[in-house]
Amino acid sequence: MRWDVVWNNIDYFLWGSLNFDTQNMRVTGELGGLALAVVLAALGIFGAFWLGLAAGLMRLSRRAWVKAIAVIYIELVRGTPLLMLIFWFYFLAPIVLGTAVPEFQSTLIAFIVFTGAYVGEIVRAGVTALPKGQMEAARGTGLTHFQAMRLVILPQALRNMIPSFVNQFVSLTKDTSLASIIGVNELTNTATQVNNRTMNAPFEIFITIAALYFLICWVLTATSRRLEKHLARYQARGR
Amino acid sequence: MKYNFDWSIVLTGEYHQWLIDGLWLTLKISALSIILATALGTLVAVLRMTKVKALEWFSLAFTEFFRNTPLLVQIYFWYFGSYVLLPEAVNKWLYKQDFEFAAGVIALTVYTAAFIAEEIRAGIFAIPKNQLEASRATGLSFLQAYRYVILPQAFRIIIPPLISQFLNLIKNSSLVMTIGVMDLTYMARQIESHTFRGFEAFTAATLIYLVISLIVSLSINLYNKHFLRQIKY
Amino acid sequence: MKKLSFALALLAACTMLAGAAFAGKLDDIKKNGVLVAGVKDSQPPFGYVDEQSKQIVGFEIDVCKYLADKLGVKLEIKPVTSATRIPMLTQGSVDIVAATMTHKIEREAEIDFSITYFPAEQKLLVKKGGGIKTVADLAGKKVGSAKGSTSEKNIQAAQPKCQVISYDTYPMAFLALKQGKVDAVTTDAPILAGLKATDEKPEMWEVTGDFIADEPYGLGLPENDSDYRDFVNASLMEMWRSGEYAKIYDKWFGPKSKCPLELKWKMELWP
């Protein structure tokens, strides 16, 4: 067993080549490893939330063309492997856009577009799960459809959706590993780099990074479960 | 840069054949993994219900660990890291076979089984508890009660989520290209690097994945419409 | 929908053409103050992550550094793989590719090349005493290579009876060889020597094989920018004449380096 290989590179796995130069009091190197994976996932879920919210509400719209856009987006993305989407944004977006998109940004966009479709479905399910009377009552008090949505429906629906969002966040955290395929220096990439250089400890290296991912995802999953129990008490359900 | 579309390369000739070969491999690895993952997932779910502490713990650890680590890392692990788990001679024999394919199947199976186990558990929980008690009272053993009463009902409830797990597996199978399995995504990549015609190759591959997904989604919808309504609690 | 996206693509293509016609890459680089180089990040000694500094270092990084210094700009390193290097160059995310890339005529359709800066020849890396000496011995065996490489195509042509398994990087292929998952790794001799040198017991492996293909490395440059290409070619020749090339070569391939490889070659020099 060569756990020393893991030990010698653990800082690289955790935060890449980032280093604090104590002599000149400045930060050198670049963020990578687990820290970059977390940054990617956090930015990704933030973007996906807003995109998904829009897509989910559009899918509930009564205007056919608005609904059609959302349905096409959601179904197209959900039917495509994430890896394909990453390749599309990375290799092919420049042909259409005319400029190069750096790999970090291009994977981030791919993650947002991908996760946004799933969040859209969560939003739709969350809103439809509320009793119909809620909307009718809100409209009855004189609110417009938009106001009723914003002030009455969404505050309730979003709270019920929190566990699903956290689950989606866990998925996205795992999915950030795919960024390594086009060279973003996140955790999986740091692992393959070190593995390629040392070549004597693949078992140790991959077990270690699996454990690192597990730690983050498991904490999130555990949180989600506690939230689920906690929130269940407040749920207003139909039927 | 000017881009001249040339769809003929994916519609005819050698590269067309590559895509077909890739599709065939994707279907093969997916089908095999779906069968194995369903079996393993059911086993893990049932272990969780056995009331034997050690088995329950094993089942819990299995689902938690494999659900919460990325599939890509698991693929690398099974392919490059698994050599320490087995004796040298077994490894030697394994590597002479199509080990790339086997590692891909193992990774997809184990990863998806963890999700399937959770779906099945949720399905079993949805069956009222007194059903088990009632069937035990009629003289069935614990295993028989599960085999003849609980599982058949649970499977009907969990079939839609199960199929969407199968769909995830098919999409996830694109990751096996990282260890050199020549699936659909791998072939699209190869065509891109041989001909620099990425646009055509990726479009073709994406459309194929979409068609597979659409067929599967439609079948879930049909199932929901025709069968699910008959179940009442 | 189809028409619209096609029109958009066409529009984008036109703006790109116009952009390319007015500003040369050389001006862009000087204006931005950085030369963005696409290099390998797991290909010792050409380009790999150094254990101490965690930075990407290697022979090709030093070549790019020389070019950046000549331009008076900073060097920015971007890791590429055999499969991503050409798309990254054509889409402009890197200005130059120094990533063990063989100068092939078929690649000329997409990008331009500098003069050869490194001579290489495709060989096999095998376990010593494992019974494989030549390409003929590979019949019915598994051979590891990298996706998008010339070696992958060459070996399939030279030995149709072998099964080629393509990984993302060569070290992955070597790891597969070490674990017995493939029987040989094929690519350019210096890369193989570099792989061999990374092993704890380099004497267990040998670089062998009869002639498969010549693999002269050229720097990948954007298509149709002759000012830029002239600059790169002139700089490479100057690098050779001033003895800087020999110095860098000695650092990575000299007798005291991890991967000794005798310099038996002379760069093409224009009078």
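How many residue pairs are in polar contact between chain A and chain C?

Reply: Before the count, please note that this is a predicted model, in which local features need pLDDT of at least 70 and side-chain atom pairs count only at pLDDT 80 or more, while totals for chains, interfaces and linings use all residues. Residues are numbered from 1 along each chain as its sequence is written, chains are lettered from A and ligands numbered from 1 in the order in which they are written, and side-chain values use heavy atoms, with hydrogens and water left out.

Between chain A and chain C there are 8 residue pairs in polar contact, with both residues at pLDDT 80 or more. A polar contact is a pair of N or O atoms within 3.5 Å, where, within protein, one must be able to donate a hydrogen and the other to accept it, and residues adjacent in sequence count only if both atoms are side-chain atoms. On the side of chain A that touches chain C, the elements giving two or more residues are α1 (3-15), α4 (82-97) and α8 (187-198) of chain A; helices such as these are DSSP runs of H or I with at least four residues, numbered from the N terminus. The helix that gives the most to this side is α8(A), with 7 residues. Sorted by kind, the residues on this side of chain A are 10 nonpolar, 14 polar and 4 charged (Ala, Val, Leu, Ile, Met, Phe, Trp, Tyr, Cys and Pro count as nonpolar, Asp, Glu, Lys and Arg as charged, and the others, Gly among them, as polar).

Turning to the extent of the meeting, chain A brings 28 residues to the contact and chain C brings 30 residues, where contact means heavy atoms within 4.5 Å. About 2400 Å² is buried between the two chains, and carbon and sulfur atoms give 55% of that area. Within the area that chain A buries against chain C, N196(A), R197(A) and M199(A) supply 29%, more than any other three residues. Buried area here is the accessible area (1.4 Å probe) that two parts lose on being put together, summed over both.

Charged pairs also cross this interface, where 2 salt bridges are found (a side-chain nitrogen of Lys or Arg within 4 Å of a carboxyl oxygen of Asp or Glu). One of the salt bridges in the model joins D11(A) to K54(C), with the closest N and O atoms 4.0 Å apart.

For comparison, the structure holds 22 salt bridges over all chains, and some of them lie inside one chain, including the one between R59(A) and E121(A), whose N to O distance is 2.8 Å. Because R59(A) lies in helix α2 (residues 33-59) of chain A and E121(A) in helix α5 (residues 103-129) of chain A, this pair ties together parts that are 62 residues apart in sequence. Both R59(A) and E121(A) are buried, where buried means under 20% relative accessible area, exposed over 50%, and partly exposed in between (1.4 Å probe, protein chains only). In chain C, D69(C) and K65(C) meet in a salt bridge of 3.0 Å, N to O, and these two are about one helical turn apart because 4 residues separate them in helix α3 (residues 59-71) of chain C. Here D69(C) is partly exposed at 48% relative accessibility, and K65(C) is partly exposed at 39%.
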